[in-house]
Amino acid sequence: MLVNTERCLYLSAKPLIKQIIYSARSKNFKYQRTSMYECFLEIAFEAELNTKEDPECLELAIEHCNENPATRSAAIRELRELIYDRVECEPYRTDDEFLLRFLRARDFIVRRAHKLLVRYCDFRAQYPHLYEGVDLWSLTKVQDAYEGTMLDRPDIGRLSILRFGAWDPSEFPVDDLVRAGMAMYEIGIRQPKLQVLGGTVIVDLEGITLKHVSTLTPTIAYQIVCLMGIAIPARLRSCHIINYNWLLNTFFYLFKRFIPQETWGRIYFHGHDLKSLHRHIDPECLPKRYGGSCRNHVSLGHWFQKIKKYRDAQFDKEMKAIGYLVKE
């Protein structure tokens with residue numbers, strides 16, 4: 001019998017399991033030499049590129065996104081008409097799959113979805129250097145500054161961890177952290193599962209120094225806030241700030257003026273109190289360093305390597321349409 005974390009990992013990737021096992025056999029992969037857990041984790045990595053909707057996802061969309069299968073197509077058409085009528089933005093895509101992301105992020109309230117789409121387009125127009133001509137695979141350099149768990153549950157969605165103190169400012173500029181975060185969201189939001197479940201963010205400030213804080217400008221702070229659901233079609237479930245010291249006041253001062261009033265109710269400050277964190281996030285979803293038991297957490301650098309390994313022609317096409325360089 002699988003332990004809970006492995007069972008959830010299996011459930012997250014189950015639409016692809018039979019297909020991948022068949023593919024593995026046909027390619028003569030020696031899965032028998034690896035553990036069952038490693039097999040499931042590898043399957044989960046390949047599932048990151050899955051853009052197909054399954055019945056379970058559609059059921060969750062009804063509960064989490066106020067989605068009605070009977071009126072979904074009509075809502076998409078209404079959003080598309082609003083784009084053309086108001087002419088407040090010129091999105092690079094207006095197909096059904098793309099517009100659906102914005103509707104799900106705003107509970108299928110068409111005018112709110114349109115407002116989010118305008119913000120998304122404005123953000124891209126204002127900061128083209130974050131994606132245009134950016135070598136997607138070069139962003140593996142961020143390594144452990146971002147982490148995520150390959151475990152998506154209805155109560156927290158996808159858990160992402162920003163470890164600002166793990167970044168060495170002398171190795172690469174803060175702009176690359178923002179670029180990596182933006183690429184992570186653009187890739188992740190292709191998955192219907194993540195559009196529906198959204199995500200939870202932990203901001204771990206352990207190790208932060210004045211050297212880190214000195215790189216933060218109001219512009220960088222605004223960009224980071226935008227990537228947490230203000231200007232991208234992502235559902236932020238909650239944000240948890242931990243392991244901070246006296247530098248928090250300086251750090252947070254730059255961010256708080258950009259955070260909308262309605263978002264404050266989803267931001268929690270835990271200091272070094274892991275029990276407080278556990279009241280909001282099940283320890284089964286957390287890495288060991290946070291008192292959890294989840295093994296399937298990976299650095300963003302490793303995640304990018306797996307995305308590169310399993311990507312297909314459609315992925316390359318979509319990323320190039322955004323502006324990224326997708327090299328072999």
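P260 sits in the loop that links α11 (248–256) to β5 (267–271); helices (H or I, at least four residues) and strands (E, at least two) are DSSP runs, numbered from the N terminus. P260 is buried, at a relative accessible area of 19%, where buried means under 20% relative accessible area, exposed over 50% and partly exposed in between (1.4 Å probe, protein chains only). P260 and V225 are 35 residues apart in sequence, and their C-alpha atoms are 9.5 Å apart in space. The model is predicted: local features need pLDDT of at least 70 and side-chain atom pairs count only at pLDDT 80 or more, while totals for chains, interfaces and linings use all residues. Residues are numbered from 1 along each chain as its sequence is written, and side-chain values use heavy atoms, with hydrogens and water left out.

**Chain and confidence**

- The chain contains 14 helices and six strands.
- Of the 328 residues in the chain, 56% are buried.
- Among contacts (heavy atoms within 4.5 Å) with a separation of 6 or more, 79% are between residues 24 or more positions apart.
- Average pLDDT, the predictor's confidence in each residue from 0 to 100, is 87 for the chain, and 89% of the residues score at least 70.
- Where pLDDT is low, the predicted coordinates should not be read in detail.

**Nonpolar cores**

- A nonpolar core is a set of buried Ala, Val, Leu, Ile, Met, Phe, Trp, Tyr and Cys residues joined through side-chain atoms within 4.5 Å.
- The largest has 88 residues, and L117, L136, L177, F255, W303 and Y324 have the most contacts inside it.
- Beyond its neighbours within four places in sequence, F255 touches L216, A221, I224 and V225.
- A second, separate core has twelve residues, including I156, I242, I281 and C294.

- Helix α5 (residues 96–105) is mostly covered, with eight of its ten residues buried.
- The buried residues of α5 are F98, L99, L100, R101, F102, L103, R104 and A105.
- Their cover includes α3 (55–65), α4 (72–86), α6, α8 (192–197) and α14 (313–322).
- α5 packs with α6 at an angle of about 115 degrees, the axes being 8 Å apart; axes are lines fitted to C-alpha atoms, for helices over the stretch in contact, and angles run from 0 to 180 degrees between N-to-C directions.
- The α5–α6 crossing is right-handed; a crossing is right-handed if the near helix is turned clockwise from the far one by less than a right angle, and left-handed if anticlockwise.
- From α5, F98, L99, F102, L103 and A105 meet V110, A113, L116, L117 and Y120 of α6.
- By class, this contact has ten nonpolar, no polar and no charged residues; Ala, Val, Leu, Ile, Met, Phe, Trp, Tyr, Cys and Pro count as nonpolar, Asp, Glu, Lys and Arg as charged, and the others, Gly among them, as polar.

**Helix α6 against α10**

- Helix α6 (residues 110–126) and helix α10 (residues 218–230) pack at about 145 degrees, with axes 11 Å apart.
- The crossing of α6 with α10 is left-handed.
- L116, R119, F123 and Q126 of α6 form the contact with Y222, Q223, C226, L227, G229 and I230 of α10.
- This contact of α6 with α10 holds six nonpolar, three polar and one charged residues.

**V110**

- V110 belongs to helix α6 and is buried, at 9% relative accessibility.
- V110 and L79 are 31 residues apart in sequence but 5.8 Å apart in space, C-alpha to C-alpha.
- Leaving aside neighbours within four places in sequence, V110 contacts A75, E78, L79, L82 and L103.

**Positive phi**

- Most residues other than glycine have a negative phi.
- D107, in the loop between α5 and α6, has a positive phi near 55 degrees.
- D107 is partly exposed, with a relative accessible area of 28%.
- Q143, in the loop between α6 and β1 (146–149), has a positive phi near 50 degrees.
- Q143 is partly exposed, with a relative accessible area of 39%.
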